[in-house]
Amino acid sequence: MTESHPSSTPSDPGETGSSSGLSVLDPPGFPGPASGPGEEQHPDGRSTPPAGVQDRLAGRLSDFTSLYAHTEQLARTRGLAAALDTVLASGSALLGARRALLVTALPGGGPSQPIGLGLDRASLGALETVPPEQSLVARLLREHDRPVQLQSRDLADDPAVGSRLRELAGHLGLGGCYGLPLATEEDGPLAAALWFYDEPAEPTERQRELARRYCGIAAPLLAKQLDAEKVRRTTEALRRGLLPDRLPQLAGLRLAARLDPAGLDHSVGSDWYDAIPLPDGTVGLTVGSVSGDGPGAGPGSAPGAAAAMGRVRAALRAYAVLEGEDPVSVLGDLELLLKTTEPARSATAVYAWVEPEERRITLAGAGHCPPVLVGRYGAEFVETSLSAPLGMLSCWEAPGVELTAGRGDTLLLYTEGLARRCGPTLHAGQANLRRAAADAPRDVRIDPDRLCAHLLAVCPDRDTGRATDDLTVLAARFE
């Protein structure tokens with residue numbers, strides 16, 4: 001195992017030369033052609049490099065073209081997972097390797113769970129069993145005395161490699177290995193990548209130089225992706241903390257919910273769902289969505305909308321406890337609060353008061369999609385009267401709707417985001433959603449948790465990283 005460390009001697013500056021005033025600077029590792037007696041003189045005084053130098057120039061041009069193509073591809077990736085996959089694939093192409101492994105550095109130190117190229121989950125799990133003192137990844141993630149590269153021609157027969165790694169190399173058919181850290185001066189080690197050959201082999205100096213240059217360019221781009229992922233995870237954790245950590249268990253009623261949030265950098269609002277046990281043994285069910293800073297708000301208002309959603313949901317819980325059996329009064333109070341304390345925002349909502357034993361439902365909606373009642377022989381909309389969203393008019397009002405569900409029926413409440421993603425228009429999306437619920441297999445329809453998952457799974461184009469709406473559904477099945 002060869003472990004290379006940074007040299008204390010600075011690299012020699014590149015040579016310059018051009019009669020037109022244009023200087024060609026040769027970066028380290030890409031030496032320029034040497035001038036000499038082999039040049040052919042033209043009548044006008046120009047000289048032509050010999051064939052060998054021309055080949056070197058062509059090779060350098062090919063290297064720069066390849067490096068540019070791979071770095072451009074990385075710059076265009078969106079999301080951390082795509083960036084890591086691209087680094088592995090590009091490194092493999094530059095080094096001529098077929099398999100690879102990459103881990104990122106955890107905030108507290110040490111490696112994260114590895115991702116692989118050409119390595120299945122069992123192989124990655126086996127490589128994780130290598131003790132830290134034998135781990136090549138651990139060496140590349142050191143804060144101090146970190147090698148600039150690691151290289152072994154044959155892992156299974158390298159005395160400098162630990163016994164466990166040699167054993168796994170033989171078992172997994174890993175031959176040569178080449179490893180590089182991805183690090184910046186500001187952030188330190190960010191990730192470590194290892195590329196494997198199927199046979200004893202090692203990359204050429206030209207391949208190594210290309211891979212080192214690529215990783216040098218990739219590291220700061222990866223740092224930005226890691227920072228963005230950290231912010232996204234923190235924000236989503238806080239956002240989910242504004243929603244119920246669990247749904248109540250009630251006699252005669254089984255509840256389940258799903259919320260697939262849009263990324264806050266693209267979202268224009270924030271959804272909620274809730275199930276509120278009431279003092280008389282009934283329950284209030286609600287879903288809704290708060291828009292950003294008023295009608296037409298853009299993605300920049302999404303964090304504020306998420307915070308407002310938490311405040312609105314907390315207020316709705318209080319109103320439900322006070323007058324939960326009257327959905328119109330609950331939404332009316334919520335509308336007054338929204339206009340008083342959140343004058344630049346609006347919200348759509350549906351609130352249902354449910355009596356589980358008698359399977360009685362009373363509900364009202366404010367600019368919201370009609371609920372769906374899924375029964376033994378199909379699914380139908382629970383038609384609510386047309387009404388404006390909360391906070392849009394000088395005074396909101398809408399009549400309530402009463403119905404009785406059958407034993408085994410499931411009431412579905414969902415937000416507009418889910419309906420819009422299920423069809424080209426809101427109306428078509430609602431129809432497709434109802435049809436998906438009706439056509440679900442029987443074992444799915446009788447399980448509210450599986451039914452929620454089914455409805456999100458059949459929704460097309462669920463790239464939530466670019467979505468502008470959350471996908472939310474709440475299911476209540478009468479036993």
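**Close-up views of a predicted model**

**View 1. Arginine 311 and its partner glutamate 342 form a salt bridge.** Arginine 311 has a relative accessibility of 44% and therefore counts as partly exposed, a class that lies between buried (under 20% relative accessible area) and exposed (over 50%), as computed with a 1.4 Å probe on protein chains only. This is a predicted model, in which local features need pLDDT of at least 70 and side-chain atom pairs count only at pLDDT 80 or more, whereas totals for chains, interfaces and linings use all residues. Residues are numbered from 1 along each chain as its sequence is written, and side-chain values use heavy atoms, with hydrogens and water left out. Glutamate 342, by contrast, is buried, with a relative accessible area of 10%. A salt bridge here is a side-chain nitrogen of Lys or Arg within 4 Å of a carboxyl oxygen of Asp or Glu, and in this pair the closest N and O atoms are 2.7 Å apart. The pair links distant parts of the chain, 31 residues apart, with arginine 311 in helix 7 and glutamate 342 in the loop between helix 8 and strand 12 (347-355); helices (H or I, at least four residues) and strands (E, at least two) are DSSP runs numbered from the N terminus.

**View 2. Aspartate 274 and arginine 313 meet in a salt bridge.** Their side chains come to 3.0 Å, N to O, and because aspartate 274 lies in strand 10 (residues 269-277) and arginine 313 in helix 7 (residues 302-323), the pair ties together parts that are 39 residues apart in sequence. Aspartate 274 counts as buried at 1% relative accessibility, and arginine 313 is buried as well, with a relative accessible area of 12%.

**View 3. Helix 8 has a buried side and a face turned away from that side.** The helix (residues 327-341) has 15 residues and reaches 21 Å from its first C-alpha to its last, close to the 21 Å expected at 1.5 Å a residue, where the expected span is 1.5 Å times one less than the number of residues. Pro327, Val330, Leu331, Leu334, Glu335 and Leu338 are buried. The face turned away carries the exposed residues Leu336 and Thr340.

**View 4. Leu331 and Leu334 belong to the largest nonpolar core.** The core has 50 residues, being a set of buried Ala, Val, Leu, Ile, Met, Phe, Trp, Tyr and Cys residues joined through side-chain atoms within 4.5 Å.
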